[in-house]
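Hello,

Here is the structure I promised to pass on. Please open it and keep it beside this email as you read.

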Amino acid sequence: MITKLIEDIATIVKAAILETKLIFRDFAVYSIYVLAVMAVSLLYSYVYTNEIFVNLPIAVVDNDQTSMTRQITRMLDASQELDVYTHANSLEEARGYFDKEQVRGIVVIEKGFTRDVQNGNVATVVGYIDAANILYYKESFATISTVVQTYGGGVEVNKIMSSGVPENQAMATRRPFDVNAIPLFNIDDGYGTFVLPVVFIIAIQTLQLTGMGILNGTLREKGIFASTFSFAKRRFGSIYLTLGRSIPYLFLSLGLLLFELTVVTHINRFPQRGDLWEIMVYAVPIILAITFLGMVLINGLRRREDVIMTVTIFSIPTLALCGLSWPTTSFPAWLAILAKFVPTTFGVQGFVAMSQFGASLVEVKDLYLQIWALAIFYFILAVWTHRRFLRDNDLRDTAAREAELKSMQITKEDQEQASKDGY
């Protein structure tokens, strides 16, 4: 009994050591899996370090030149987000400033704006905003809209007061209730704080699956998959092989996640509110589910190129399926079912809850149990995959030996017949 246990442990350890060597011997696998995850984490974090932009330069084209339009211009300039860099005489002149990247947006107030407001007609303020950077667009569009709506509300209140209605009643007519929005976790409403925790998990899943696919694709292309793991050709060997091969990926991915949660977030000053130990415990079944899924994918992905194309194509849909950029309540039934088979669906939800909302492991236990169930499901499929490849190789070896024996038998019969014929 003890001898068998030692042999089982030895098989697991040997598989883990061999898989580690295979990872670090193939530079493509190592660079995509390890180096690329670190590079993506640092790059994305750097890009979104400035979550809130202030004093973005804009050009204002005031074609009406009235006290009303000048007040709107002063309100734009007084905002924290925008700075009126110049007053252009025409849209063409403002485009010159934009083409030289001196301004990030253009606000055009059409001629007759004040007359339309006084006559009760709809007056329009046109904004041309730089959409090359989503943060420029977000801040500029939101500020311009707020300024115009605020000024429009003041005009409406003045009209109501002109009919003899007291100011407080006029304000109540225009705004029957006050909304006081208090962001609890993303205080600055920053895009980086919202998206980066998701990117961390998606990057690990995408790049780990890519690295595993390249490694397994290489073994399949060379026809050495079964011979490489031939030591696992024993009873329950597929189970021990699956467990052993998963160990390097578990520790490497947990190390990469720890790097993201400590070094990357600290350098770029992103919040990290959860207990680090509990987050790492929650990440264990996520990494295992991704690892076992990568082992299953070798059934259909035979070449290195197939892996890169397939995993890359599905990285964006995976982001949508996690439910943070696209509400899960809007999912069709079939898509909601499909999302449950993607490790990052449960992984991202629990990871964001713990790292950003400060939730404990107990508070996300339902997600934790679901991701463990998914990991077990893919573990069973991974064991079947390894068993299939090892068995198929045995069948090919048996067929080859039978063919060789048959060839040798035919040769012997030919020799005997030749001797009978007198040759």
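Below is what turned up on aromatic rings.

This is a predicted model: local features need pLDDT of at least 70, side-chain atom pairs count only at pLDDT 80 or more, and totals for chains, interfaces and linings use all residues. Residues are numbered from 1 along each chain as its sequence is written, and side-chain values use heavy atoms, with hydrogens and water left out.

The whole structure holds twelve aromatic pairs. Rings of Phe, Tyr and Trp (its six-membered ring) pair if their centres lie within 6.5 Å; planes under 30 degrees apart are stacked, over 60 edge-to-face, and the rest tilted.

Start with tyrosine 33 and tyrosine 249. Their ring centres are 5.8 Å apart and their planes sit at 40 degrees, so this pair is tilted. Tyrosine 33 is in helix H2 (residues 27-47) and tyrosine 249 in helix H10 (residues 237-268), so the pair ties together parts 216 residues apart in sequence. Helices (H or I, at least four residues) are DSSP runs, numbered from the N terminus.

Tyrosine 33 is buried, at 1% relative accessibility. Tyrosine 249 is buried too, at 0%. Buried means under 20% relative accessible area, exposed over 50%, partly exposed in between (1.4 Å probe, protein chains only).

Next, tyrosine 137 and phenylalanine 141. Their centres are 5.8 Å apart with planes at 10 degrees, so they are stacked. Both lie in helix H6 (residues 134-162), four residues apart, about one turn of the helix. Tyrosine 137 is partly exposed at 37%, and phenylalanine 141 is partly exposed at 45%.

Last, ring pairs join Phe225, Phe229, Phe231 and Phe389 into a cluster.

Best wishes

Conventions
Helix = DSSP H or I, 4+ residues; strand = E, 2+ residues; numbered from the N terminus.
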